[in-house]
Amino acid sequence: MTDAPQGSGPGGGGGRGGDDQRDLELIAQWKAGDQRAASALVERHAAALARFAVASGERNEVDELVQDTFVRAFNSLDGFRGDSSFRTWLFTIERRLLLDRRRAEKRRRDRLEIQEDDAATEYDALDSVVADETESRMRDAVKRLSPTQREVFTLRVAEGLSYKEIADAVGTTEGAARVHYHNAMRAVKEFLDE
Amino acid sequence: MNDCRNAEVRDQLPDLLHERLDASARAAVMAHVDGCADCREELELLRVAHGTLIKATPRVDLNFIIEAIPNAAPRARTLTAPRRRLWTDWRVAAAAVVLIAGGSSYSLLGRHGGIVVRDTLVAQVTPSGAGSASPQVQPTDSTATTPVPSQAPEVVAEGPSEAGETSGLGASRMGELNEKQLKALLTEIDQLSPTPITEPDPVFLRVDTKGTTSPEGL
């Protein structure tokens, strides 16, 4: 049994190295003036960003959030050092944008004195068509997770990120990311066993 | 649904699902999963969760996103190239100014006798006699320049040479002095006061058309 840490080597992205390299090549092509490389990068990561947006509680303006994420990323691409993968870097930007939106939304609601449920605590975006009972139960289980658990669980299960990459994306430590994942997994199991 | 006690393997189940394990780690995890019902169950749960989350992905309009992506080419031109050219131009201009100023100064000094004066003074100091304590200055013409022999150093040769020939020490070359003149010069040197510690004041010669010369600045 291997005891290699998550985040490097076994369990840490062995299957993603090629993807990361391809991202770097596309970034270089875009910097050289090839706009098609930007389109390719969008196609590669837009869906993952949309999933993460939903997991983070965004319900209505996923397109706008993903678009803003890419625009900000391309405008600051000179600052991308490649310490993390391009996708992880995008998650970081998207999460920051999401937090900014929530703050702005909260200020706006405070001004209008409208009592609404906090979008960050709801998880209705998975209300799309679900094929069968198992998936329906799974959707409900994920829905019950805390916002942080849901983010970590989505990044780990849907995107396959390592704990180190998750920690970079959501601004926490690798150990905390691991704890959040296992707590989420336990909560999902308990819900499904009910 | 129970948790397997092997936390390391459980940690790696999502990586197994996403094929992010290298060959040896994958073989080890697979060997454990084959013999562990809890891990098989958890791996199946992960597959369902993965499928559910992927299916729940909202549709995004890629064209809407791509249209907003900035163009890279203009940024490269505006951010890097101009700065480099500006810096290069500035250095070339500074180098040109230094060369022009230095060259002009050198040329002016040589043309107006700044270097020649020393030879001129030496050339014009003529011993008045073996016993004389003060040197006399031979009159020169109104141009106040010293005739330059053809063997003069290059810097001297650049000065005016229309003054005509002089005799004796006017040749300004020690090698051209005869024995008598040489002895007289040595005597004069012996009688000079000791060299001051500080740099002496400059001596200027005023030459009028009558042929008399008087030092100034003493």
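Helix 5 of chain A passes helix 8 of chain A in a right-handed crossing. The model is predicted. Chain A also packs helix 6 against helix 7, and 49 of its residues are in contact with 42 residues of chain B.

**Helix 5 and helix 8 of chain A**

- The axes of helix 5 (residues 133-143) and helix 8 (residues 174-193) of chain A come within 9 Å and cross at roughly 135°.
- Helix 5 of chain A contributes Arg137(A), Asp140(A), Ala141(A) and Val142(A) to the contact, and helix 8 of chain A contributes Val188(A), Phe191(A) and Leu192(A).
- Of these contact residues, five are nonpolar, two are charged and none is polar.

**Helix 6 and helix 7 of chain A**

- Helix 6 (residues 147-158) and helix 7 (residues 163-170) of chain A pack at about 135°, with their axes 10 Å apart.
- That angle makes helix 6 of chain A oblique to helix 7 of chain A.
- The crossing of helix 6 of chain A past helix 7 of chain A is right-handed.
- Glu151(A), Val152(A), Leu155(A) and Arg156(A) of helix 6 meet Ile166(A), Ala169(A) and Val170(A) of helix 7.
- This contact comprises five nonpolar and two charged residues, with no polar ones.

**The side of chain B that touches chain A**

- Helix 1 (7-17), helix 2 (23-34), helix 3 (37-55), helix 4 (62-66) and helix 5 (72-79) of chain B each supply at least two residues.
- Helix 3 of chain B gives the most, with nine residues.
- The residues on this side of chain B are 25 nonpolar, nine polar and eight charged.

Conventions. Residues numbered from 1 in each chain as written. Chains lettered and ligands numbered in written order. Predicted model: local features only at pLDDT ≥ 70, side-chain atom pairs only at ≥ 80, totals over all residues. Axes fitted to C-alpha atoms, helices over the stretch in contact; angles between N-to-C directions. Helix = DSSP H or I, 4+ residues; strand = E, 2+ residues; numbered from the N terminus. Left-handed = near helix turned anticlockwise from the far one by under 90°. Contact = placed C-beta atoms within 7 Å. Nonpolar A, V, L, I, M, F, W, Y, C, P; charged D, E, K, R; others polar. Parallel < 35°, antiparallel > 145°, perpendicular 65-115°, else oblique.
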